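This report looks at aromatic rings and what surrounds them. The sequence and structure come first, and the description follows.

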Amino acid sequence: MALIVELLAQGLQMAIVLALAPLLTGLVRVVKARLLRRRGPPILQPYRDLLRLLRKDVLLADNASSLFRTAPYLIFAVTWVAAALVPTYALGLMFSWSVDLIAIVALLGTARFALALAGMDVGTSFGGIGASREMMIASLAEPAMLLIAFTLALFAGTTQLSGIAAYALTEEIGLRVSLLLAAVALVMVAIAENGRIPVDNPATHLELTMVHEAMVLEYSGRHLALIEAAASLKLLLYLSLIACVFLPFGMAFGERAPLPMLLGLLAWIAKLGLLGVLLAVFETSIAKMRVFRVGEFLGGALMLGFLGTLLLFVSRGM
């Protein structure tokens, strides 16, 4: 019976993550539209877009290889697994032993690599530009994420996300500058990895600035639906990661009682909504930076992660 309960709890998390990802994207779009004094699309519009794309036929270029055809499925599957492994409403789920922050970085790197290869596969100039920019961003974002992982590992003694959240919930933490630096660095990496303003604007197709959209211009039908769903899952993943590590309150742990699980689910949804609103407010209050300034932006995240690791290492050695 206990095994069935654990399987149901893990399966529920996987299903809820997949179901709420487009809703989070719709929430960000609605809040941005309201802040700009526009009516904007309905909050459920991402679901309609995915259904519309799933009904359409797939159009492929004559020179598209099998990599171009299989990449959307790989990107969606890897991103869904990574997003479903991040603790959301409960700690210590069945697969929590595998939820390592470094493993999450590796899974996201796999999806990014597949998307970049698919963008270059057809041979269009837009795909090559987008892939090169994506790799430039990744060359700074991934080291910053690893430094954030090192900071959290020094803080909690583990890189396992459930262990980090449990340590933050049960131990007396106090005010730590190193954790504040790691939190700011994680927010900066999340903005860059999801192609949000000021790094990229997901609502435009301007060839001089676009990154993610340039790599998926040749996709259509169900392939494009899978990539768009993966993009929504990636946004939910990073917001859930921020909530899990730095805002772990409300998460259920211990026995799988219905009431704590329900309260944990409601707390996680509330944290996602708050972070989504803050993201929309941030995007409407800042201008998009030039492409060559992205390196400076992520360099700042890299430096903050390094300072967080250094300060925590020095303070432990004293």
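## Aromatic rings and their surroundings

W80 has a relative accessible area of 24%, so this residue is partly exposed; buried means under 20%, exposed over 50% and partly exposed in between, with a 1.4 Å probe and protein chains only. The model is predicted: local features need pLDDT of at least 70, side-chain atom pairs count only at pLDDT 80 or more, and totals for chains, interfaces and linings use all residues. Residues are numbered from 1 along each chain as its sequence is written, and side-chain values use heavy atoms, leaving out hydrogens and water.

A search of the whole structure gives three aromatic pairs. Rings of Phe, Tyr and Trp (its six-membered ring) pair if their centres lie within 6.5 Å; planes under 30 degrees apart are stacked, over 60 edge-to-face, and the rest tilted. Two of the pairs are F68 with Y219 and F76 with W80.

| Pair | Centre to centre | Angle between planes | Class |
|---|---|---|---|
| F68 and Y219 | 4.1 Å | 0 degrees | stacked |
| F76 and W80 | 5.8 Å | 40 degrees | tilted |

F68 belongs to helix α3 (residues 66-85) and Y219 to the loop between α8 (212-215) and α9 (221-246), so this pair ties together parts 151 residues apart in sequence. Helices are DSSP runs (H or I, at least four residues), numbered from the N terminus. F68 is buried at 1% relative accessible area, and Y219 is buried at 5%.

F76 and W80 are four residues apart in helix α3, so about one helical turn separates them. F76 is buried, at 16% relative accessibility.

How values were computed:
Helix = DSSP H or I, 4+ residues; strand = E, 2+ residues; numbered from the N terminus.
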